[in-house]
Amino acid sequence: MTDPTPRRGLTLHDASDLDRLPIDPATRERDREAARAYAVRAPRRYLELVDWDDPADPVRAQVIPRAEELQWDEREREDPIGDRAWSPVERLTHRHADRVLLYPTYRCAVYCRHCFRKESLAPDGDDFSEAALAPALDYIASHPEIREVILTGGDPWVLSDARLAWLRGRIESVAHVRLLRIHTRVPVALPERVDAGLVAALRGRLMVCVVTHFNHPREITPACVEAARTLREAGFMLLNQTVLLRGVNDDVETLEALSRELVYALGVKPYYLHHCDLTRGLSHLRTTLDEGLALMKRLRARASGVCVPTYVLDLPGGGGKVPLGPAGPLTRDGSRWVFESHDGSQCPYEEVVAARGQEP
Ligand SMILES: *Cc1c(COP(=O)(O)O)cnc(C)c1O
Ligand code: SF4
């Protein structure tokens, strides 16, 4: 029997908890295998954002498994952006000279259906240890070109304050590192975790940049506002990355509301809008590039530059991220260029630059 009222107080820990959610039985059976194939989890407050009367609810689509996740296209990939090809030691990816990705854990506070690392996640057991990270930390110390360490995973903020403080201490003891960046969904899904202890664990010599992962304006709750204020008051830089997802945020009204509230309510700068990677089983959540480009064009025409992220495609196989749009010049003839303005009109631009070597 399906309980018609949402069970407030339910935390989603694994596939068996889905039986206690107000999901219609036929849908539940259809999706059961997918729920067993990949990690399932959502904290109580995040789950309370779901409108169970709407099968297409944008929060539900991000956390409740669907049979479509098992429909793999042969052109999709197990390692969609080629992180492994750029991994010189365990738990680290070094694709760009000045920065590395470090994976202190492969656990998360919430498991996202659209995660591009969903095949690398490890929901069970404690996978953090100082020994497991030693080769990666030694690598960072012996590569002076590394200026920035990006903690990702998994979600680094599922770790205790003590572990984070240890990790921060090890990273900041490397003199050439200047920036500590943290990629986390905790401010979205478990904002109560963001407290004075977390801030104290991370504060030290390094500039700290926190990159959140909000995908829909409905995810921005008073608790998120409070968490963002705590992080801003700590002096941390706040950015957000969003994944463009079909049926979740692939309309300009949603993207505009999200971008505006990130800035106005949270003080978070929209950084990247990611085109959905070629992760296996995500074709039902993927848009076309044309759709993404058209959305960005409309968003740019409506919203302040502060509110507009860069639309990026992470090239499969480890080519890195490429920015997509806004469109370049329509035509060019020597130093005369023609651009299209936001209202669609054609605007000429002629370069005026003093000849080189003739400055007084
Ligand atoms: C995305 C990514 C980064 C960070 O790139 P930014 O453009 O600096 O945000 C670093 N390393 C790898 C391997 C990445 O995929
Ligand atoms: S929190 Fe990040 S790493 Fe974890 S499942 Fe979601 S997108 Fe993937």
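**Exercise 1. Determine which side-chain atoms make polar contacts with oxygen atoms of ligand 1, and how much of the ligand the protein covers.**

Solution. Next, the side chain of tyrosine 271 places an N or O atom 2.6 Å from an oxygen atom of the ligand, and a polar side-chain atom of arginine 181 is found 2.8 Å from an oxygen atom of ligand 1. On its own, ligand 1 has 380 Å² of accessible area, of which the protein covers 88% (Shrake-Rupley method, 1.4 Å probe; for residues, only the protein chains shown count as cover). Finally, the surroundings of ligand 1 include Ile81, Thr93, Arg95, His96 and Tyr272, where a residue is near a molecule if one of its heavy atoms lies within 4 Å of it.

The model is predicted, so that local features need pLDDT of at least 70 and side-chain atom pairs count only at pLDDT 80 or more, whereas totals for chains, interfaces and linings use all residues. Residues are numbered from 1 along each chain as its sequence is written, chains are lettered from A and ligands numbered from 1 in the order in which they are written, and side-chain values use heavy atoms, with hydrogens and water left out.

**Exercise 2. Describe the setting of aspartate 57: where does it lie, and is it buried or exposed?**

Solution. Aspartate 57 belongs to the loop between helix H2 (44-47) and helix H3 (60-63); helices are DSSP runs of H or I with at least four residues, numbered from the N terminus. Its relative accessibility is 0%, so aspartate 57 counts as buried (buried means under 20% relative accessible area, exposed over 50%, partly exposed in between, with a 1.4 Å probe and protein chains only). A polar atom of the aspartate 57 side chain is 3.3 Å from the backbone nitrogen of aspartate 51. Apart from residues up to four places away in sequence, aspartate 57 touches Leu49, Val50, Asp51 and Arg218, contact meaning heavy atoms within 4.5 Å.

**Exercise 3. Locate arginine 28 and state what its side chain approaches.**

Solution. Arginine 28 is part of helix H1 (residues 25-37), and at 11% relative accessibility it counts as buried. A polar atom of the arginine 28 side chain lies 2.5 Å from the backbone oxygen of leucine 18.

**Exercise 4. Find the charges that sit over aromatic rings.**

Solution. A charge sits over a ring if NZ of Lys or CZ of Arg is within 6 Å of the ring centre and within 35 degrees of the ring normal. Arginine 95 lies over the face of tryptophan 86, at 4.6 Å from the ring centre, while lysine 118 takes up a place over the face of tyrosine 38, at 4.1 Å from the ring centre.

Terms used: Helix = DSSP H or I, 4+ residues; strand = E, 2+ residues; numbered from the N terminus. Polar contact = N/O pair within 3.5 Å; in protein donor to acceptor, adjacent residues only side chain to side chain.
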